[in-house]
Amino acid sequence: SGSALFPQRGGNRCASSVPRGPAAEEAAMALLRRAIHAGGRALAARHSSTAVVSASAETMSQKAWRWLDITGFLTKWHSRRAWILDLDPPSRAASVMMTEYERKLLLWLTWMNFLFMPISLWYWYGQFTHLAAKPPIPLMPEYQYMNGRKRDFSWHGGRWNDCKECRWLEFECKKMCFDRLREEGRDIRGLRAPRSQTFGFH
């Protein structure tokens, strides 16, 4: 009949083609086991082991390399994963835009910076010590306040130029000068009054 040759549009066309029964369930389970096995092999291929040998079983070469890698630099140099795990979260997200050459270049430049740091400090210290040298300047006229290494300090020595051998802030020198003035009987208010009754510097 026409209905047998042309199935109705509203019917499920695939329902009659799906096999049913124990054989179909066995085939489905076989496909599922195969998928699980393939997924397990893929995960095993991506697995990274962190197992290390014991201290009694490692060779001298392994011990030397382990101690050379005490900062983790060699591990991060050879393992991009270890390098990414050492970054902060925003840098981890940005690391997808960094090539392997750029990553190793960054690690190399970091160590070169540490290497040149003492050299830079040595150059800075050498330049800084130049400040201790008096620069060449024109010869100044012999004013009374110039060349204090060869003349006294009478221009700020006090009322009678009493302590002209002492510079302005040489307090120990001025203490000895004041003791001498006191022994000479010089009547100076700041020297004979107690410190608790004076105001200012005397």
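Guide: What follows covers the disulfides, the core, the salt bridges and one aspartate.

Guide: This is a predicted model, where local features need pLDDT of at least 70, side-chain atom pairs count only at pLDDT 80 or more, and totals for chains, interfaces and linings use all residues. Residues are numbered from 1 along each chain as its sequence is written, and side-chain values use heavy atoms, with hydrogens and water left out.

Visitor: How many disulfides does the count come to?
Guide: Two. A disulfide here is a pair of cysteine sulfur atoms within 2.5 Å.

Visitor: Which cysteine is joined to cysteine 163?
Guide: Cysteine 177, with S to S at 1.9 Å. Cysteine 163 lies in the loop between α7 (100–128) and α8 (171–183), and cysteine 177 in helix α8, so the pair ties together parts 14 residues apart in sequence. Helices are DSSP runs (H or I, at least four residues), numbered from the N terminus.

Visitor: Why is that disulfide left-handed?
Guide: Because the torsion about the S-S bond of cysteine 163 and cysteine 177 is about -90°.

Visitor: And cysteine 163, buried or exposed?
Guide: Buried, with a relative accessible area of 5%. Cysteine 177 is buried too, at 1%. Buried means under 20% relative accessible area, exposed over 50%, partly exposed in between (1.4 Å probe, protein chains only).

Visitor: What about the other disulfide?
Guide: It joins cysteine 166 to cysteine 173, S to S 1.9 Å. This link is left-handed, with -75° about the S-S bond. Cysteine 166 and cysteine 173 are both buried. Counting bonded cysteines along the chain, the pattern is 1-4, 2-3.

Visitor: What does cysteine 173 contact, leaving aside neighbours within four places in sequence?
Guide: Glu165 and Cys166. Contact means heavy atoms within 4.5 Å.

Visitor: Which residues make up the largest nonpolar core?
Guide: There are seven: Cys163, Cys166, Cys173, Cys177, Phe178, Leu181 and Ile188. A nonpolar core is a set of buried Ala, Val, Leu, Ile, Met, Phe, Trp, Tyr and Cys residues joined through side-chain atoms within 4.5 Å.

Visitor: New topic. How many salt bridges are in the whole structure?
Guide: Twelve. A salt bridge is a side-chain nitrogen of Lys or Arg within 4 Å of a carboxyl oxygen of Asp or Glu.

Visitor: Where's arginine 80 in all this?
Guide: The side chain of arginine 80 meets that of glutamate 100 in a salt bridge, 3.0 Å from N to O. Arginine 80 lies in helix α5 (residues 80–85) and glutamate 100 in helix α7, so the pair ties together parts 20 residues apart in sequence. Arginine 80 is partly exposed at 25% relative accessibility, and glutamate 100 is partly exposed at 33%.

Visitor: What does glutamate 165 meet in a salt bridge?
Guide: Arginine 180, at 3.5 Å, N to O. Glutamate 165 sits in the loop between α7 and α8, and arginine 180 in helix α8, 15 residues apart.

Visitor: And arginine 186?
Guide: Arginine 186 forms a salt bridge with glutamate 184, at 3.9 Å, N to O. Salt bridges that share partners join Asp162, Glu165, Arg180, Glu184 and Arg186 into one network.

Visitor: Last one. Where is aspartate 69 found?
Guide: In the loop between α3 (60–68) and α4 (73–78). Aspartate 69 is buried yet has no salt bridge. The nearest side chain of opposite charge is lysine 76, 8.0 Å away. Lys and Arg count as positive and Asp and Glu as negative, while His and the chain ends are not counted.

How values were computed
Helix = DSSP H or I, 4+ residues; strand = E, 2+ residues; numbered from the N terminus.
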